[in-house]
Amino acid sequence: MTPESKPLLTLDGVCVAYRHQEVVHDVSLDVAAGEVVALIGPSGAGKSSLLRAINFLEPPSKGRILLEGVEVGGSRRTLDALRRDVGMVFQSFNLFPHLTALQNVMLAPEHTLGLPREQARERAMRQLTHVGLAERADAKPGKCSGGQQQRIAIARALAMEPKVMLFDEPTSALDPELGAEVLATMRTLAGEGMTMVVVTHEMHFAEDVADRVVFMADGHVVEENSAGKLMRDPQHPRTQRFLNAVRGR
Amino acid sequence: MSTLNEWQDYLPDYLDGLKVTLRLTGVSLAGGLPLGLLLALAMTARRRTVRWPAILLVEIGRGAPALVVLYFVYYGLPQLDLTWSSFVCAAIALGFTTAAYTADIFRAGINSIPVGHREACQALGLSHGQELRLVVLPQAIRVVIPPLIGFCILLYQGTSLAFAVSVPELLSRAYSQASITYQFTSTLVLAGLVYAAISLSAVALMRARWPGRTASVTDVEPPGEGLARTTEVTHAP
């Protein structure tokens, strides 16, 4: 991030707690426009909780989330704005099985943004084409492969034309081959300048695509650095241990 | 042979009774199903002040025998200056029972929708109402249709309780015939056959439409009930 640019997304001292048990402790992070940040770390490190706190699926128990300098969460209006500007892709896709791919993608443009149906349909079709699935527009998710379902889910989030995309282990539910097609789609997005925060266990993706990698363990940010530096030359013993274990497989 | 001849004599009267039975079933469902859905929505609401009264009402409806509810409406409410015809009383009582039982079926259907779908709706900025209308209910309805049909069949047979407040439905026709001829066995068997003809055709229709789904009248627990219970526990305030 260049010093003069204002961060698009700011996490300031964010804590996340489930029933009084804190799982994310005091995380602060700036994400610049166009930046791709990978969150890595062992299971239970609080990566997904942190990601879910960013769009208030799990409202932070402490700390602030700022989008373009505006604090979120004080009012319904800022929350609505956040949900419009931040897209989310889930590990389990969460497509709506009773709707076709196209209907899944046009749902939010039509009902959240209130676009006329034709316009919503056009926009949805554009995004399906973008992820290479125009020919699956009329298929129900159940008839699509896991990789296709996740790409439809990406198109669904993109159809809101968000400023930031959050990915919560988008390939964890997929076999490596299907995961690869999802990663290719995400690579394309990153190449187009989309701002992305990605929780992932795909170390190659973190190293090749992310600008910055944040390593978390036990609810803390242990280390963060540019992708190349953190992945090749981790400073903290905990990071070294994790990366050795992952690469040793 | 004589039984068949008797039955031939009974049948026109029985069919009149069947019309009343079917009308009572229809009216109870027309009132009870929408109310059941409303109660289910209230039971799954976030606010306790909405949730608790609905749960109380449903537990009363499921806990009290339908006959007790019926007597309450027919004999109890007139003491509060609320008096209706026996048919209306039966429809109110059975409609209330229907609402209570189907509320629980609807609730289980609503809770069977994965939490992730609701989170996806929130992440897409849909309002709570849009989430229900566009994503949760369309899926839940599909889940609950088989158990709802099971309940409708139970209710159809349950309308025979209205005999107790002298609604001229099918069972009451059988009973009046029997009180004239003293042929209790043949009159009641014929009544049973007429009930069964409708119930079993409904089951057969349902089996043809949803193969592999149980339509047994005792099976009103929808699939996903187990899941529903677990999600409920994890999301309890």
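Biologist: Let's start with helix H2 of chain A. What covers its buried residues?

Modeller: Keep in mind that this is a predicted model. In H2 of chain A, which spans residues 76–85, the buried residues are Thr78(A), Leu79(A), Leu82(A), Arg83(A) and Asp85(A). Their cover includes helix H1 (47–54) and strands E4 (62–67), E5 (70–71), E6 (86–89) and E7 (164–168) of chain A, together with H5 of chain B.

Biologist: That brings in the other chain. How many residues of chain A are in contact with chain B?

Modeller: The size of an interface is often given as the accessible area lost when the parts come together. Here the area buried between chain A and chain B is about 1700 Å², and carbon and sulfur atoms give 60% of that. In chain A, the residues that lose the most area to chain B are Phe96(A), His98(A) and His111(A), together 32% of what that side buries. As for your count, 19 residues of chain A are in contact with 20 residues of chain B.

Biologist: Is Phe151(B) buried or exposed?

Modeller: Buried, with a relative accessible area of 6%. Tyr101(B) counts as partly exposed, at 29% relative accessibility. Now look at Phe163(B) and Tyr175(B): the ring centres are 5.2 Å apart and the planes are at 50°, so that pair is tilted. Phe163(B) lies in the loop between H6 and helix H7 (170–181) of chain B, and Tyr175(B) in H7 itself, so the pair ties together parts twelve residues apart in sequence. Phe163(B) is partly exposed at 28% relative accessibility, and Tyr175(B) is partly exposed at 43%. There's also a cluster in chain B, made of Tyr71(B), Tyr74(B) and Tyr75(B).

Biologist: What does UniProt list for residues 18–206 of chain B?

Modeller: The unreviewed entry gives "domain: ABC transmembrane type-1" for them. In the model, that span is 81% helix and 0% strand, with its end C-alpha atoms 21 Å apart. The entry's "transmembrane region" annotation covers several stretches of chain B, including 83–103 and 184–206. Residues 83–103 of chain B are 86% helix, with end C-alpha atoms 27 Å apart. Residues 184–206 of chain B are 100% helix, and there the ends lie 33 Å apart.

Biologist: Where in chain B is confidence lowest?

Modeller: Where pLDDT is low, the predicted coordinates should not be read in detail. Chain B averages a pLDDT of 86, and 89% of its residues score at least 70. The lowest confidence in chain B is in helix H9 (residues 225–234), at a mean of 34, and the highest is in helix H5 (residues 115–123), at 96. Over residues 215–237 of chain B, pLDDT stays under 50.

Conventions. Residues numbered from 1 in each chain as written. Chains lettered and ligands numbered in written order. Predicted model: local features only at pLDDT ≥ 70, side-chain atom pairs only at ≥ 80, totals over all residues. Heavy atoms only, no water. Buried < 20%, exposed > 50% of the residue type's maximum accessible area, 1.4 Å probe, protein only. Phe/Tyr/Trp six-rings, centres within 6.5 Å; stacked < 30°, edge-to-face > 60°. Helix = DSSP H or I, 4+ residues; strand = E, 2+ residues; numbered from the N terminus. UniProt positions renumbered as here; feature names shortened; annotations may be inferred. pLDDT = per-residue confidence, 0-100. Contact = heavy atoms within 4.5 Å. Buried area = accessible area lost by both parts, 1.4 Å probe.
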